[in-house]
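Subject: Model for you to look at

Hello,

Here is the model, with its sequence. Please open it beside this note.

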Amino acid sequence: MRSTNNRGVFSGTGLIITGLAATLVALIFPLWSYADRSGTGVDTLNAETVSTRFGPLSALDREFVTKVRLAGLWELPAGQQAEQRGTTKAVHTAGEHLVEGHTFLDERVRDVAARLGLELPNQPTEQQQGWLDTLSAARGGEYDVKFANILRQAHGKVFGLVAEIRANTRNSLVRDLADDANTTVLDHIKVLEATGLVDFEALARDAAAASAPPLTRSPAPPGPTDSPSPPVPVSPSASPTYTLPPAATSPPAGKSKAAEDAENAETPENEDKADDKDRSKAAEQDDDKDKKS
């Protein structure tokens, strides 16, 4: 009898312990699943971010500022070299844009770094110096081709970083610098492509080799099998179907000169109104004559 009671007690105690353990796990699991737990991207962002009076400054922000400076350290001399060695007007123009753009950006990035207390490099990276050496060894038309493609590839890579920073930074100085960098980099991409020497096939192959394949295949077919039909223009409705907002300010009590000119203009509508006034005035004169007689 006692054995049966003991089994019942132990069984009940086991159920209680199991229930408490399950409750504890349920409480702990959400804490572990938080996005900012140790080792997650948010935790890393928080750990590598410092506070400034212009907003939080992340490690990626600091890397971006450094890369803007590094870009100027090799692209500015590359532009100066293109102005001297380029064999076509388009290459000379591209060189001028590089010099002007990076002179401006370098001044901006040095100002931003000083205000954020960041140290900047004074020499290009080994890879960037290698690009300069390649250009220095080229001559004639070969120089033009190498200049256009090396610079275009480099600008294409930094263009993506600029967009990422502009979209995600919380620092106002870095955001403004990203705006200036975006304008400058896009200008350089366009002027390099305007040389007519950029190998877009090579750019696409290099980008594909450097990136991971897509996780899923696109359901879209590889391309249209028939020529698309010409677009059909849409006729606008006779009147707006939306409600117009109220006027920002009330119109003046008196009529403007433009309104008076519009009323006095010789239009069919105004001529009809004038005829009506003339007929009304003639009728009033006839009534006066009848009354006098």
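Which element gives the largest share of the lining of the largest pocket? H3 does, with 5 residues. (Helices are DSSP runs of H or I, at least four residues, numbered from the N terminus.)

This is a predicted model: local features need pLDDT of at least 70, side-chain atom pairs count only at pLDDT 80 or more, and totals for chains, interfaces and linings use all residues. Residues are numbered from 1 along each chain as its sequence is written, and side-chain values use heavy atoms, without hydrogens and water.

The pocket. Its volume is about 320 Å³. (On a 1 Å grid over the protein atoms alone, a pocket is an open set of points with protein on both sides within 12 Å along at least five of seven lines; a cavity is a set where a 1.4 Å probe fits but cannot get out; lining residues have an atom within 4 Å of a point. A volume is the space filled by probe spheres set on the points, which are joined across faces, edges and corners.) Of its 13 lining residues, Lys-67, Gln-128, Trp-131, Ala-154 and Val-158 are closest to the centre. H3, helix H5 (126-137) and H6 each give two or more.

The cavity. There is 1 of 30 Å³ or more. The largest cavity has a volume of about 80 Å³. Its lining includes Lys-67, Glu-75, His-102 and His-155. H3 gives the most here, with 5 residues. H3, H4, H6 and H7 each supply at least two.

Best wishes
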